[in-house]
Amino acid sequence: MLTALWALPALGGVLCLFTKGETSKRFATTVAAAMLGYTVWLSCVPYAPEAGVWGLVESGPAWIFGIRYQLALDGLALSLVWLTAFLTVVSFAASWRGAESGGFSAGFWSSFLFLEAALMGVFLSRDLFVFYVFWEATLIPMFFIIGLWGSEGRRHAAMKFFLFTFFGSLFMLVGLLALVTHYHAVSGVWTWDMGELAGANPTGLAGLLMFVSLIIGFGVKIPLFPMHTWLPDAHTEAPAAGSIMLAGVMLKMGVYGFIRVLLPVFPRLSWDLLPWLGGLACVNILYGSLCAMQQRDLKRLIAYSSVAHLGFCVLGVLSWTPEGVAGGSLQMLNHGITTGALFMMIGFLYERTHRRGLSDFGDLVTRAPWMTFFFGWAVMASIGLPGLNGFVGEFMCLAGMARALPLMAMVAAIGIVLSAAYCLPAYQTVFWGASTAGSVSSKVLDLDLREKVLVWLLCGIMLYIGLCPTPLLDALAPSVASLVADGFMP
Amino acid sequence: MTPALQVGLALFCLGLATVLLRGRLLAMLLGLELMIAGVTVILTYQAGIFGDPGGLAAVVLVIAVAAAEAVVGLCLILRLHHGGRSGESGSLAELRE
Amino acid sequence: MPIPVSVYLLFLAPTAALLVAFFLFRPLRPQWTHWPILASCAVVAAASMDLAAKTYTGWSMDAPLGVWMAAGSWEVYFGVRIDGLCAAVLAMVAVVGGLIHVYAAGYMREDPGFARFFLCFHLFFLSMIGMLVSNNFVQFYLFWEGVGLCSFLLIGFWTHKQSARSAALQAFVTNRVGDLAFLVAILILLKAYGDTRFEYVFGQMAYGGGPLLLLVGVLLFVAAASKSAQFPLYFWLPDAMEGPTPVSALMHAATMVTAGIFLLARSWPLIAFVPGLGTLIAAVGGVTAVFAGLLACGQTDLKRILAYSTVSHLGLMALALGLGRVGIAVLHLIMHGFFKAVLFLCAGNIAHGLGKSAADISEVGGLRKHMPFTLACFMAAAISLAGIWPAAGFFSKDGIIEACLEAGPGWAALALTAAALGAFYISRMLFLAFFGPSPEQKPGHPHEAPAGMSVPVGFLALGALLAGFLSPGIGRLLVKGAMSPEESLALAHFSWPVFAAGTSAAVIGFAAAWFLTIARPRFDWTWRREHPGLQALVASDFGWRHVVAFVVKTSWRFAEWVGGALDHRTWDGFLEWTSPAAVSLGGAVSLKSGRLSDYMWWIVMGTAALLAAALI
């Protein structure tokens, strides 16, 4: 049942390669919609949160050195699986028209299906080797998506993305190998199972080295300062759908790795190194916001804002408090939805005008009032306005960190001023304001029905989570409780 | 280290140095022959020490192979000269990637 | 205890009106968008009166409505608290807000953004109500930011004007700085007490707090100072006059800016526990009052005069509150809401009559002939502002002067100076606009405002005159269900020396204004021409605006340096350099040069290495 979550999109991707033109688009979207439906069914019917932390488990035969094909689904994994399926549908719907006339080729749609399969695998796997395989597998479709269907600087951005994240993954592999070997040396058992390795708790220099290599591996993905410079290029040059998947889901892999692998296995070390790691997260927030203030390209601005937002997630997760970890998990979802909506709308603008610079627009409120309204809504969610989803996540992360290291939470909170400082002038320049010479605002038509439905859906979810996050938090609660119960409560 | 071994080692090192440091193919061929000569000396000496006729047989084989290889090498070098190419190893870089 | 219907109506009516207006009226009949919204205003006004009446009889409530966020044992709830303090302010907000909604229906009639205006305006109204009835700090923060959002949308309402856009941005970011302080205070409270409900937190005050409480108190004051425009975070308020007049009247006079004072009044049990904080608040308030009062005397735009006047009055409220007289501060908040709204709406009528969005003193003069009704309302409100008996403003200003006289000569000097300045600038505005005209003015000939705009102003003017007689009732209302001690909520008692002091300060201001505007009609223009340096000084708020501009510019430069030089060129540049460096390194140690000697070297080296490894 769980295998279908990654096997079906993969199969769909393969089949899609044999189709052409319009058929491939419809076929791929049908597969994605089916996956979304399946995910929703999975969350309602066989999986019940009270069934335990690891709600659904599927295992296969053991291989060498304790590697075993094992998938499991609990609240956190389910929420990310849902996010993946949902954002895949959103990115397909957002690319419906295609950048040029004629739409995208079949390879485009298959790449996304392969990406969805790999992402599902990452979130589902309970065996570290399977986790690593799926982790690497996400790089390949994304490389093609950026490199073949992106904008002008796509080759360079794709290579940079691939080399950077691959470099980090190598560190992760080394760390994982060292961890498994250490566990074998200590207990005599070869296992790659996340749950069993959680008892490893290596210490000393070896433990520190393992920890650091895993930090590098996950940190490149998050992206944690100073390993973040691949992000602006990759986000900017990717096509709209690519940016949605990249910012919406792929960045969460790093934080997910933190929650699933790093914290349970290294509780003592992560608590002792909290000032350093939390400091890096704070740098993410402040540095990312400051960089965002300087950007003149809409997509680069949102990319740097993602750096800042993920900093909040990391702060929350590192705090070892229920509200912090729950906030970090929730903020992963929130960020996916909010940034997905922002990239989608920037994609709409780019589709219409092939430009995305701040000075290329102006006075869009006259031509496209609905786009102005929804973009403003998403911007307000992004800067953490209470009542929308961004605030709930950020607040819980900050509250958690305030219990752990109050000073760090205070420094991180400065991010809320900076986020207003970089988002709102850009919003005003693009959507309000006067049309400057050379602006392409006259080419912009307002949202059509398909686009309106999409943004209504996303913005409605933002408001719903903002005022009523309880269902999501309840679903996440068992996973949070298992992590925090095993570790330290400061 | 007996004198025979010293002579053999000296010949070998001299030949090695010639191969590595000289650019002209003819010189490298000479160096190769010197290396073979050095190895032959050591092999003969060791065969004598242990009284092993197999070693001497190997020496004869080595001399024969060295002669054949020298002939082939000289032919190749002559071919190069006739073809108008220079005899410097640095200019023969077609295998470069 | 069951929650009364009025409480539900307070939230449901505006929400329903907004949904109906947005989904039904705006697409189909945008010019009727205001009808559901005005209906909601009426319902809210009735509900708030009902709650005020209930609270007057001694009823109060503090109940949770539902969970907002929860994780493990950590929880944040939605809750409602109705007690005397919030019932009194709520009644004022509902009445003044409703009347300004009616005014706005007339004022914004021809504007193409009519529907958008009313939606934003009513969203603000809903947020303000939500803030007033919150029972914990986090929910208060939710609506606090909501009010800030609506301020942003409404100040920048005319999106084509650059000045409006930058004023909106400035307001939002400056308020965000205060919000940061508020958020950090909430985080500290959560860490220390685990729960931010007012009742719970203030109940813990008895166990002492130490440095943590000091930090929370100071942070709450910084938050209030940014929202309620205390020096040094006041500068966004005069620029916020770029918004339409109803916005200025409701948000930046009567309600939003008083949110900070309300926060301080709500948190008084905490503030009172921190030694010295009250004095700090009073000092900042007093300085603000005098500083802004001086600046108001030199402004030329009608709305800016009133904006600086608002800053000055907020300073007076903070002054009274800091000295421990919370009741007097709240009373002034309520009275100020009435008379300031009237003043702003009259300025709006003048501008509307002239066919513009704002009016300068050079464009008005002698308007008493054309706009007698507006003159009457303006005079009523001016008398109230100056604090002359029996207008409403007298009762609250009298209380402030009494509090300051009791507290010490320095405070008294601040209060009396601010009172005299108040009388001066409002009389100056009255004379310059309605009397004369001075030879320097080129007045238009505005017509009187239509009924839809005059009637609300008239009602509010009546309120500005007569609301003072409600003050004993308000005083009794404030103590019902209060968390602060009774003596802090007490209002002033009449005493002749205080009356004399206040009235003479007002008379001095009035006389000085008469002298400098009627007796010397050209003075207001000649001093600007003859002393351009002084004019520049006043225009830059005695140099403070230069300081703010410098801070903003430096921050942008820093951000540019970080984003451009540091991140892009230096760090990313280094990382990008590694790639071509690796390529050239690979080229340098290439195994495939095609040269025989290279290959020979590799063979020799390899063999030597293998031999070494085998032998060692």
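Which side chain of chain A does Glu576(C) meet in a salt bridge? The partner is Lys160(A), and the N to O distance is 2.5 Å. Keep in mind from the start that this is a predicted model.

## How the chains meet

Let's begin with who touches whom. There are two pairs of chains in contact, and chains A and C share the most contacts of these. Chain A and chain B do not touch, and their nearest C-alpha atoms are 23 Å apart.

## Where chain C meets chain A

This contact takes 53 residues from chain C and 58 residues from chain A. The area buried between chain C and chain A is about 4700 Å², with carbon and sulfur atoms giving 75% of that area. On the chain C side, the residues that lose the most area to chain A are Trp68(C), Arg176(C) and Leu187(C), which together make up 13% of what that side buries.

Two salt bridges are counted between chain C and chain A, and the pair of Glu576(C) and Lys160(A) from the opening is a salt bridge between these chains. Side chains of opposite charge can pair when their charged atoms come close. Eleven residue pairs are also found in polar contact across this interface, counting pairs with both residues at pLDDT 80 or more.

Which elements of chain C give two or more residues to the side that touches chain A? They are helix 1 (5-28), strand 1 (61-71), strand 2 (74-82), helix 5 (137-155), helix 6 and helix 25 of chain C. Helix 6 of chain C gives the most, with 16 residues. Sorted by class, the side of chain C that touches chain A has 36 nonpolar, seven polar and ten charged residues.

Next, look for the second largest pocket, which has a volume of about 1100 Å³. Its lining is made of 39 residues, and those nearest the centre of the pocket are Leu169(C), Gln170(C), Val173(C), Val552(C) and Trp556(C). Elements of chain A and chain C give two or more residues to this lining: helix 12 (274-293) and helix 19 (415-431) of chain A, together with helix 6 (162-193) and helix 25 (544-588) of chain C.

Helix 25 of chain C provides the largest share of the lining, nine residues. By class, the lining of this pocket has 25 nonpolar, eleven polar and three charged residues.

## A salt bridge within chain A

Over all chains, the count comes to 28 salt bridges. One to find in chain A joins Asp74(A) and Arg260(A), with the closest N and O atoms 2.5 Å apart. This pair links distant parts of the chain, 186 residues apart. Asp74(A) sits in the loop between strand 2 (68-73) and helix 3 (75-94) of chain A, while Arg260(A) belongs to helix 10 (residues 240-265) of chain A.

## Backbone details to look for

Most residues other than glycine have a negative phi, and most peptide bonds are trans. With that in mind, have a look at the peptide bond from Ile222(A) to Pro223(A), which is cis with omega near -10 degrees. Pro223(A) lies in the loop between helix 8 (204-221) and helix 9 (230-237) of chain A.

In chain C, a cis peptide bond joins Trp389(C) and Pro390(C), with omega about 5 degrees. Pro390(C) is in the loop between helix 16 (372-386) and helix 17 (392-407) of chain C. Finally, Ala229(C) has a positive phi, near 50 degrees, though the residue is not glycine. Ala229(C) is found in the loop between helix 8 (211-227) and helix 9 (236-239) of chain C.

Conventions: Residues numbered from 1 in each chain as written. Chains lettered and ligands numbered in written order. Predicted model: local features only at pLDDT ≥ 70, side-chain atom pairs only at ≥ 80, totals over all residues. Heavy atoms only, no water. 1 Å grid on protein atoms, 1.4 Å probe; cavity = no way out; pocket = protein on both sides within 12 Å on 5 of 7 lines; lining within 4 Å. Points joined across faces, edges and corners; volume = space filled by probe spheres on them. Helix = DSSP H or I, 4+ residues; strand = E, 2+ residues; numbered from the N terminus. Nonpolar A, V, L, I, M, F, W, Y, C, P; charged D, E, K, R; others polar. Contact = heavy atoms within 4.5 Å. Salt bridge = Lys/Arg side-chain N within 4 Å of Asp/Glu carboxyl O. Buried area = accessible area lost by both parts, 1.4 Å probe. Polar contact = N/O pair within 3.5 Å; in protein donor to acceptor, adjacent residues only side chain to side chain.
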